[in-house]
Amino acid sequence: MSPRIALANSADHAQLHSHDLPLAAALRTAGFDPVAEVWTDPSVDWSSYDAVVLRSVWDYHVRYLEFVEWLGQLDKAGVPVLNETDLVCWNADKSYLLELRERGVAIVPSQVAAGACLREVVGGLDGQEIVIKPTVSATARHTIRGTAGSDELSRAMDDLPDAVYLVQPFLKEIQSEGEWSVIYLDGELSHTVLKRPAAGDYRVQDDFGGTAELVEPPAAVLEGAAAALAAANARRAPVYARVDGIVSNGRFLLMELELIEPYLFLPLVPDAADRFAAAIAGRLS
């Protein structure tokens, strides 16, 4: 019987996303039986799988405690999870950026604040254009942008739920130059994508009209991305990783290190899915 691999998704994306279809095909070619499963489905017998690969678990941030508990259950059942659960839990809260900064990684300047402290932090940035986002979030959920001290931003902050937030300067390079995504498979550089927001926007996700293309990156991007991945809280190289950042004044600044459920742009690179499948196979051998 072929080893069974659960490709974990969310209920809103129960079937494999088109970007993961090449991975499923490559796993079959490699002798595995990949099955799309919803991570919150109580009827799934996860112990019947030889491994769980996190893919479109795109609601983990709104069910965070449940997600962490589920990962713990997989650990207790002895089911390998890729990426590894301790790395995933570390990566789920964006305050890891401050930890990486302490390790010498150049990040987009960031402060963490919650409750009344959020307005104190924003008050200290009066007149600056900033971005506020939850430390546990995805797809720009509850992310706002505005000028610190303005009535508009203050009203937007009134609507934010009680949570812990990152406060960062808005860097115009994301509109003028775009955001880089450097994809690694089994710790090896695979491909690099340049994402650009729609005109007048700053969010690069395709949900908001953003675009992405395969681009050869400058040396600063490759060096900065490699440094960020090397500083991650990993016992060994992640099976998959996406390093997101921008170039400002010739220096790569890390925005996010995506180790949970990143879109990997597999369809853009013909052999990427095969290498991803090989990386999964290598961890299970």
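Tutor: A residue is called buried when its relative accessible area is under 20%, and exposed when that area is over 50%. The model discussed here is predicted.

Student: Is Glu179 buried or exposed by that scale?

Tutor: Glu179 has a relative accessibility of 7%, so the residue counts as buried.

Student: Which residue forms a salt bridge with Glu179?

Tutor: In general, side chains of opposite charge can pair when their charged atoms come close. Here the partner of Glu179 is Lys195, with 3.0 Å between the closest N and O atoms.

Student: Which residue does Glu258 meet in a salt bridge?

Tutor: The side chain of Glu258 meets that of Arg242, at 3.7 Å from N to O. Both residues are buried.

Student: How many salt bridges does a search of the whole structure find?

Tutor: The search finds 16 salt bridges. One of them pairs Asp158 with Arg119, at 2.6 Å from N to O. This pair links distant parts of the chain, 39 residues apart: Asp158 is in helix H6 (residues 151-158) and Arg119 in helix H5 (residues 116-123).

Student: What is the relative accessibility of Asp158, and what is the relative accessible area of Arg119?

Tutor: Asp158 is exposed, at 53%, whereas Arg119 is partly exposed, at 38%.

Conventions
Residues numbered from 1 in each chain as written. Predicted model: local features only at pLDDT ≥ 70, side-chain atom pairs only at ≥ 80, totals over all residues. Heavy atoms only, no water. Salt bridge = Lys/Arg side-chain N within 4 Å of Asp/Glu carboxyl O. Helix = DSSP H or I, 4+ residues; strand = E, 2+ residues; numbered from the N terminus. Buried < 20%, exposed > 50% of the residue type's maximum accessible area, 1.4 Å probe, protein only.
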